Amino acid sequence: MKMFTNCRFGMMFWALGILCYAQAQVEADGFLSNAMLVSVTLQLVYITKFFHWETGYLCSMDIQHDRAGYYICWGCLVWVPSVYTSPSYFLVNHAAQDISSLTAVLLLLAGAICVAINYWADRQRQVFRATDGKCTIWGKPPVFITASYTTEAGQKRSSLLLASGWWGVARHFHYVPEILGAFLWSCPAGFHGFRYFLAYFYVIFLTPLLFDRAFRDDARCRDKYGKHWEKYCALVPYKIIPGVL
């Protein structure tokens with residue numbers, strides 16, 4: 001149910017929705033603005049990354065721990081199609097507030113780098129788990145902790161906690177490029193006062209969502225792994241932003 005509502009409906013509509021908004025701008029104004037082009041392109045790059053990495057999504061907090069209730073299902077069926085597409089929706093009627101070609105290229109480059117780092121981090125952890133730590137990360141054997149825990153059924157299990165690569169920078173550093181990427185496909189709308197709030201609503205919503213997820217995941221891991229999590233936090237002391245948080 002969670003895979004259907006998020007991947008097959010929410011994420012697919014996100015892609016179709018922003019393409020419809022781009023077409024709507026062309027029909028209304030007779031051209032596609034640089035701002036719309038940047039916004040739609042970066043979002044499509046991010047969505048393509050998501051589907052390329054879809055098997056990794058099965059290991060995410062959304063799938064493994066959050067229940068398929070109102071929060072997830074309504075969010076994927078209603079919130080994602082309406083809010084995640086809002087930067088492009090805003091640009092439909094603001095083609096006149098365009099950006100230069102140079103600005104467009106710089107935003108595309110910066111946004112693509114953010115999406116690439118976000119994928120790179122997820123891919124590092126995916127390969128690490130698939131090989132049981134028998135791999136190299138940034139050209140070196142990975143640093144990790146073997147954390148034992150007891151399941152609800154009383155079974156003894158263990159997990160490998162990666163502390164190398166992007167996962168050695170901060171425990172949830174991959175949220176940083178995700179937030180920056182969202183900002184970069186929103187900012188082509190420009191900064192012209194509070195009436196442009198809609199263009200930035202998604203990134204404003206996304207930031208506390210991901211920070212809350214990082215804190216919730218930390219609390220869950222602390223309860224699950226106990227002293228092993230304390231050792232892991234000693235290796236990777238920051239939750240999200242190195243040197244800050």
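Which segment holds Lys 239? Lys 239 sits in the segment after α11 (227-235), with helices (H or I, at least four residues) and strands (E, at least two) taken as DSSP runs numbered from the N terminus.

A word on the ground rules. This is a predicted model, where local features need pLDDT of at least 70 and side-chain atom pairs count only at pLDDT 80 or more, while totals for chains, interfaces and linings use all residues. Residues are numbered from 1 along each chain as its sequence is written, and side-chain values use heavy atoms, leaving out hydrogens and water.

Now the overall picture. The chain has eleven helices and two strands, running α-α-α-α-α-α-α-β-β-α-α-α-α along the sequence. The C-alpha trace spans about 65 × 40 × 30 Å along its principal axes. Of the 245 residues, 47% count as buried, where buried means under 20% relative accessible area, exposed over 50%, and partly exposed in between (1.4 Å probe, protein chains only).

Back to Lys 239. Leaving aside residues up to four places away in sequence, Lys 239 touches Ala 170, Arg 171, His 172, Phe 173, Phe 215, Asp 218 and Leu 245, a contact being heavy atoms within 4.5 Å.

So what does Asp 218 pair with? Its side chain meets that of Arg 171 in a salt bridge (2.5 Å, N to O). Arg 171 lies in the loop between α8 (166-169) and α9 (175-184) and Asp 218 in helix α10 (residues 197-225), so the pair ties together parts that are 47 residues apart in sequence. Both Arg 171 and Asp 218 are buried.

A search of the whole structure finds five salt bridges, among them these:

| Pair | N to O distance |
|---|---|
| Arg 171 and Asp 218 | 2.5 Å |
| Asp 217 and Arg 220 | 2.8 Å |
| Arg 222 and Glu 230 | 2.6 Å |

Asp 217 and Arg 220 are three residues apart in helix α10, so about one helical turn separates them. Asp 217 is buried, at 14% relative accessible area, whereas Arg 220 is partly exposed at 25%. In the other pair, Arg 222 is partly exposed at 33%, and Glu 230 is partly exposed at 43%.

Terms used
A salt bridge is a side-chain nitrogen of Lys or Arg within 4 Å of a carboxyl oxygen of Asp or Glu.
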